[in-house]
Amino acid sequence: MSVLKKLFDFYLNSSIHVALAVYALSWITLIEFDLKYDEVILYFIFYATITGYNFVKYFGLAKFHHRSLATWLKIIQVFSLLCFLLLCYYAIRLETITLVYLAGFGLVTFFYAIPFLPRNLLIDSNQNLRSISGLKIYVIALVWSGVTVCIPLINNRYTIDLDVLSSAIQRFILVIVLMLPFEIRDMRYDSVKLSTIPQRIGVKQTKIIGVLLLLVFFFLEYFKNIVDAERLICLLIVTVTTVILLLFSKENQNKYYSAFWVESIPIWWLVLLLLFS
């Protein structure tokens with residue numbers, strides 16, 4: 001049991017789970033717009049997510065404790081390097097225009113972790129985008145929606161239209177709501193100056209806002225040119241499941257509640273679509 005727990009913790013800590021979630025959302029986009037499975041872009045996004053997330057999460061630790069890194073962190077570093085090499089392998093097979101757009105999202109990720117801002121804009125001494133009061137959740141939602149909706153379509157030379165815009169807004173809203181249980185969980189540890197949504201309006205109001213956003217997320221589907229009944233049912237199930245997880249989230253939650261169950265929502269959505277199709 002101890003070995004299985006360590007493997008599961010590695011699965012979460014090395015960002016494989018969150019990468020599967022991003023991969024799932026990207027595949028959902030291809031399904032929604034009736035495009036074939038694109039191995040190159042989906043695998044690129046999967047390995048890029050692991051590389052990017054581990055860079056953001058562990059950059060500070062590796063920077064200040066390079067000579068005394070814990071074994072688990074060294075393993076994650078090696079794993080991340082392998083993922084980066086696979087990222088490069090798939091990157092050279094992408095469309096040039098895709099790489100241009102990806103460079104923009106890559107820069108946002110880079111500046112999200114690397115100190116570059118003047119101190120008077122920040123709430124602490126980290127000098128990166130995640131230190132700006134109230135900005136973190138929106139940066140993550142923007143990158144996720146852009147990467148999982150626009151990038152797969154751009155790589156398949158699909159014209160960006162109003163339906164694509166609706167999907168991008170839906171994805172932006174979903175990611176914001178999925179972040180709320182994390183922000184509720186971290187209220188005890190986050191600096192008040194971070195000004196997260198639960199810190200500003202409280203847990204109860206945060207859940208109300210989250211439910212309202214999920215209603216917008218669902219009903220945006222009706223603004224698309226084609227409303228598929230089976231996909232609508234899948235979307236309804238995903239919306240209800242997300243509402244339940246949001247309402248049951250709390251400050252003192254199991255360590256796997258948000259990190260595994262909440263982040264499993266995109267994977268659950270993909271499984272439903274594949275089962276219904």
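**A look inside**

Author: Of the 277 residues in the protein, 49% are buried, where buried means a relative accessible area under 20%, exposed means over 50% and partly exposed lies in between, with a 1.4 Å probe and only the protein chains counted. This is a predicted model, in which local features need a pLDDT of at least 70 and side-chain atom pairs count only at pLDDT 80 or more, while totals for chains, interfaces and linings use all residues. Residues are numbered from 1 along each chain as its sequence is written, and side-chain values use heavy atoms, with hydrogens and water left out.

The protein has 12 helices and 0 strands; these are DSSP runs numbered from the N terminus, with at least four residues (H or I) for a helix and at least two (E) for a strand.

We can now turn to the core. The largest nonpolar core has 62 residues, and Phe44, Trp144 and Trp269 have the most contacts inside it; such a core is a set of buried Ala, Val, Leu, Ile, Met, Phe, Trp, Tyr and Cys residues joined through side-chain atoms within 4.5 Å. Helix H2, residues 16–32, gives the largest share of this core, with 12 residues. A second, separate core has 5 residues, among them Val149, Leu153, Val164 and Ala168. In soluble globular proteins, nonpolar side chains tend to be buried together. Phe44 itself, if its neighbours within four places in sequence are set aside, is in contact with Leu87, Tyr90, Ala91, Leu94 and Leu102.

Beyond its neighbours within four places in sequence, His17 touches Tyr11, Leu12, Ala259, Phe260, Glu263, Ser264 and Ile267.

Ser15 lies in the loop between helix H1 (2–13) and H2, and it has a positive phi of about 70 degrees although it is not a glycine. Asp34, in the loop between H2 and helix H3 (39–64), is another residue other than glycine with a positive phi, near 55 degrees. Most residues other than glycine have a negative phi. Ser15 is buried because its relative accessible area is 1%, whereas Asp34 is exposed because its relative accessible area is 62%.

On a 1 Å grid over the protein atoms alone, a pocket is an open set of points where a 1.4 Å probe fits, with protein on both sides within 12 Å along at least five of seven lines, and its lining residues have an atom within 4 Å of a point. Of the 16 residues that line this pocket, Glu32, Phe33, Lys224, Ile226 and Arg231 are the closest to its centre. Helix H10 (229–247) and helix H12 (265–276) are the elements that give two or more residues to the lining.

How values were computed. Contact means heavy atoms within 4.5 Å.
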